[in-house]
Amino acid sequence: MPSPFLAAARGEPHDTVPVWFMRQAGRSLPEYRAIRGEGSILDAIHQPEVAAEITLQPVRRYGVDAAILFSDIVVPVAAIGFGVDVAPGTGPVVETPFSSAADLDRLRPLEPEADTGYVLDTVRAVVGELDVPLIGFAGAPFTVASYLIEGRPSRTYGKTKALMLGDPVLFGELLDRLAHMAADSITSQVQAGASAFQLFDSWAGALSPAHYERFVLPHSRTVFERCGELGVPGIHFGVNTGELLGSMAAAGPDVVGVDWRTPLSMARGRVPEGIALQGNLDPAACLAPWPAVEAEVRAVLADNAGHPGHIFNLGHGVTPDLDPGVLEQVVDLVHAEGEVRSP
Ligand code: 1CP
């Protein structure tokens, strides 16, 4: 059977709205907690059998229409030895943050097979087991740069913006290197068997449209231009990006991710025709009693009104406190009620 996920990404005919969840593998699943162990997530990602099993767990449990590779956006920079780890309960932490031109020397190009062969082994193992497409991914230049510059998760991105505005040339060189790293990583994942990719610019919403367009868009466009040759659909995602959706579409993706702050019907008006949308159930809404969750799912479907270019997802990732049983019901409801009209 052709994949409804790939059809929706390309706006081609299919019967039912496809659904998957960002962070569908993770701490909300007891089977994940059982296999994951303590310590850095990077250790689990280094073990292809473990990472492959974690990738498959949510597909088995939820019956979602796509798998997403179990990895992390900091894997390539960690693999070339920048000194990044992922601290449990915190997220990415950098030993010596990026602060001057000398730090560019710490960012050599990625050699995907040599540096991240374990990721590609996971991709190859997973695609042999799957009957739905595998989504590969990379962090977008801005979001990865924010971790390298801040040294850890940030609320204000103060150091990142200070470098961006204070030394735009150096900031541009940093983002250019990260763009090629993302494109090299995605290319290797697709060559190993991934059928689509997502570029996560999770924190781009911290920027004004003018700053996004001037300092970030050219580099994200480099990623989509290079990956456009792969012949698989690309998704461009960020949080709090209602005012950036048009610019994010201009980077060249097939699909733009939308969070719950922007109705899909409004997002449609902000991207060119022919671009599909992905989203946009509020993950926190899934903590409400089922009748309320059901109403929220129906509201997302109604807002999309059967448009063929829609991939159902959360507006951001599954949080550890979500009940997997509720997400199972969400998948069933989308499959039962998500009718698609002809393109
Ligand atoms: O160690 C753990 O088990 C804790 C949580 C965790 C998980 C499950 C981290 C640490 N990374 C991951 C896996 C992961 N990360 C996936 C796997 C596949 C899936 O979706 O099921 C993906 C796609 C990512 C991508 C990722 N990492 C993003 C982009 C997506 C997003 O949520 O916005 C970001 C921003 C990161 C950085 C990161 N890694 C981990 C955490 C807790 C964070 C965020 C920290 C912060 O708030 O800044």
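**A lined cavity and an open sheet**

Author: Twenty residues line the largest cavity, and Asp-72, Ile-73, Pro-76, Ala-138 and Ser-185 lie nearest its centre. The model is predicted, with local features needing pLDDT of at least 70 and side-chain atom pairs pLDDT 80 or more, while totals for chains, interfaces and linings use all residues. Residues are numbered from 1 along each chain as its sequence is written, and side-chain values use heavy atoms, without hydrogens and water.

Reader: What makes a space a cavity, and which residues count as lining?

Author: On a 1 Å grid over the protein atoms alone, a cavity is a set of points where a 1.4 Å probe fits but cannot get out; lining residues have an atom within 4 Å of a point. One cavity of 30 Å³ or more is found in the whole structure. The largest holds about 170 Å³, a volume being the space filled by probe spheres set on grid points joined across faces, edges and corners.

Reader: Which element gives the most to this lining?

Author: Helix 9, with six residues. Helices are DSSP runs of H or I, at least four residues, and strands are runs of E, at least two, numbered from the N terminus. Helix 5 (75–79), helix 6 (112–129), strand 4 and helix 9 (168–192) each give two or more residues to the lining.

Reader: How do you know that strand 1 pairs with strand 4?

Author: Pairing needs at least two DSSP bridges. Two bridges join strand 1 to strand 4 (residues 134–139), so the two strands pair. Ile-68 has Ile-135 in strand 4 as its bridge partner.

Reader: Why are strand 1 and strand 9 at the edges?

Author: The open sheet has the order 1-4-5-6-7-8-9, with parallel pairing. Strand 1 (67–68) and strand 9 (310–314) each have a single partner strand, so one side of each lacks a neighbour in the sheet.

Notes. 1 Å grid on protein atoms, 1.4 Å probe; cavity = no way out; pocket = protein on both sides within 12 Å on 5 of 7 lines; lining within 4 Å.
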